[in-house]
Amino acid sequence: MVTNDLIPLLLVLLSVAVAAMIFPLPERAVRLRSAVNLGGAVAKLLLIVLLVPPVVAEGVRPEFSVPFLPTGGGETISLVLRVDPLALFFAGLSAVLWLLTTVYAIGYLEGKPNRSRFFGFFSLCVAATVGISFSGNLITFLVFYELLTLVTYPLVAHWGDEKSLRAAKLYMRYALGGGVAVLLGTVWLTMEAAAVDFAEGGAADVAELAERSPGVVVVIFILLVGGLGVKSALVPLHSWLPAAMVAPAPVSALLHAVAVVKAGVFGIVRVVDDVYGIQVAWELGVLTPLLVLACVTVLYGSYQALRQTEIKSRLAYSTVSQVSYVVLGVTMFSMAGTAGGVVHLVHQGIMKITLFFCAGLFAESIGAHSLSQLRGAGRRMPWTSAAFTVGAFGMIGLPPTAGFVSKWQLGLGALDSPHPWVLVVLVVSALLNAAYFLPVVYSMWFHEPEQGREPDDDARLGRTATGASSALRLREPGMLLVPALCTAGFTLGVGLAASVTFSPLQIAQFIAEGVFS
């Protein structure tokens, strides 16, 4: 029988086992590969769902540890996997979206080469993400954080063409540079304060070090957050993210919604809340500069998104903006703001993966890569267009979507914080979001489809229409459409059920209470 303390290890090893089974499979083993993928994803989701009541309601903290590194004082630093509410929050997001992205990727990659390699690294990517979620100290976090960098490189470079390889190399340069900064900060802090465990309210040894050597602790904070800021795509460390959009649509969805970008911002939340502690970070004066940087990133990302004409490029810069809402929330120094930032960790993932699922559907079904090619898409692909519309409304923050809940909570946090001016940033950002999403949605539903394609274009691109005219409705591939509709439904569902027990907002508020306790 598996004990509670083995559950976090089991959840990490589950994805590793899936990868080990998939890598040697021949390309023709489509059904077996799909069964292994889906079986692992369903098992992980069920285990995480079972953890929610005991961890959130009963205070149970399953923990697995194993000795890892000796120290000069004769002690040993352990690798620690621990399930706390924040870890469960992030792991739950990864489990739900892994399952849906797996379904999507099976349909998207049908008939394409190197599927066993893709799904093998895909599973390792999820294993690293879950390891990051459950990391109980900085050393463990660092190990899985660097592992994530290595296993995502083959996914970004999957197509193997010059553009993909160039984007993957750019990603590696940024990620490894950021990783070195996190490594230096982690080693330095470990030398000064011993092994640093994540703890509600911050690590006691770090608080003592801050009293003795505040300058040293500030420099370490800059190293840690600066390194994590690369994967978080904070300005000016964001350039790799738009370039990485040459990757397959499932990889783009994974990068933006749950894996790389979210791992970076999750790390910043851990450093601020569980390493330094919100009170110590405030007294050191490091929160306000990080808040200002987050605000700059929010506005800059929205401005750049407005300038893009390619679908995935606009969505990439939108991610640069939207992910920084999480950093903005946790640096406001208010409980409501922290809850808003933490809940946006999940809400943004659900909304953004919806948009990337739809972008892949548009590209595969009507060959649309630029925004102008979405004219009249609502008539040709009504279900995909409806899901895209819900995701876009969520990003703007229109009720009753998940985005409205996040931004409402962040607005309350701004008014309750020492920085009420942040409310202006939120309003301006919402207006910019509307400026780059609403014209696209309007064009999809109220403009005529572009004419002029040759009658055999549908056959050449592998599409099925209900007639010869390009204006007629297309068959939307079910394996790609169902995940998009599910996440669009979640975007509405978590907004409507924000006050329900164990909803993302309720769990985020519970986490925020622990931060300020």
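Of the 517 residues in this protein chain, 59% count as buried, where buried means under 20% relative accessible area, exposed means over 50%, and partly exposed is anything in between (1.4 Å probe, protein chains only). Keep in mind that this is a predicted model: local features need pLDDT of at least 70, side-chain atom pairs count only at pLDDT 80 or more, and totals for chains, interfaces and linings use all residues. Numbering runs from 1 along each chain as its sequence is written, and side-chain values use heavy atoms, with hydrogens and water left out.

Let's start with the overall fold. The protein chain has 22 helices and 2 strands; these are DSSP runs numbered from the N terminus, with helices (H or I) of at least four residues and strands (E) of at least two. The radius of gyration of the chain is 22 Å, close to the 24 Å that the globule rule gives for 517 residues, so the chain is as compact as a globular protein of that length. That radius is taken over C-alpha atoms, and the globule rule is 2.2 Å times the number of residues to the power 0.38. Along its principal axes, the C-alpha trace spans about 75 × 55 × 45 Å.

If you look at contacts (heavy atoms within 4.5 Å), residues 24 or more positions apart make up 77% of those with a separation of 6 or more.

Gln308 is buried, with a relative accessible area of 18%. Its side chain reaches back to the backbone oxygen of Gln304 at 3.0 Å. Leaving aside neighbours within four places in sequence, Gln308 is in contact with Ser313, Arg314, Tyr317 and Leu371.

Within H14 itself sits Ser321, which counts as buried at 0% relative accessibility. The Ser321 side chain makes a polar contact with the side chain of Ser302 at 2.9 Å. Such a contact is a pair of N or O atoms within 3.5 Å; within protein, one must be able to donate a hydrogen and the other to accept it, and residues adjacent in sequence count only if both atoms are side-chain atoms. With neighbours within four places set aside, Ser321 is in contact with Thr297, Val298, Gly301, Ser302 and Ser429. Ser429 also gives a handy distance: its C-alpha atom is 16 Å from that of Gln308, 121 residues away along the chain.

The loops hold some backbone details to check. The peptide bond from Val235 to Pro236 is cis, with omega near 10 degrees, and Pro236 lies in the loop between helix H8 (214–231) and helix H9 (240–243). Pro399 and Pro400 are also joined by a cis peptide bond, with omega about 5 degrees; Pro400 lies in the loop between helix H17 (382–396) and helix H18 (402–415).

Then there's phi. Phe333 is not a glycine, yet its phi is positive, at about 65 degrees. You'll find Phe333 in the loop between H14 and helix H15 (335–366), and at 17% relative accessibility it counts as buried. Phe502 has a positive phi too, near 70 degrees. Phe502 is in the loop between helix H21 (478–496) and helix H22 (504–516), and is partly exposed, with a relative accessible area of 37%.
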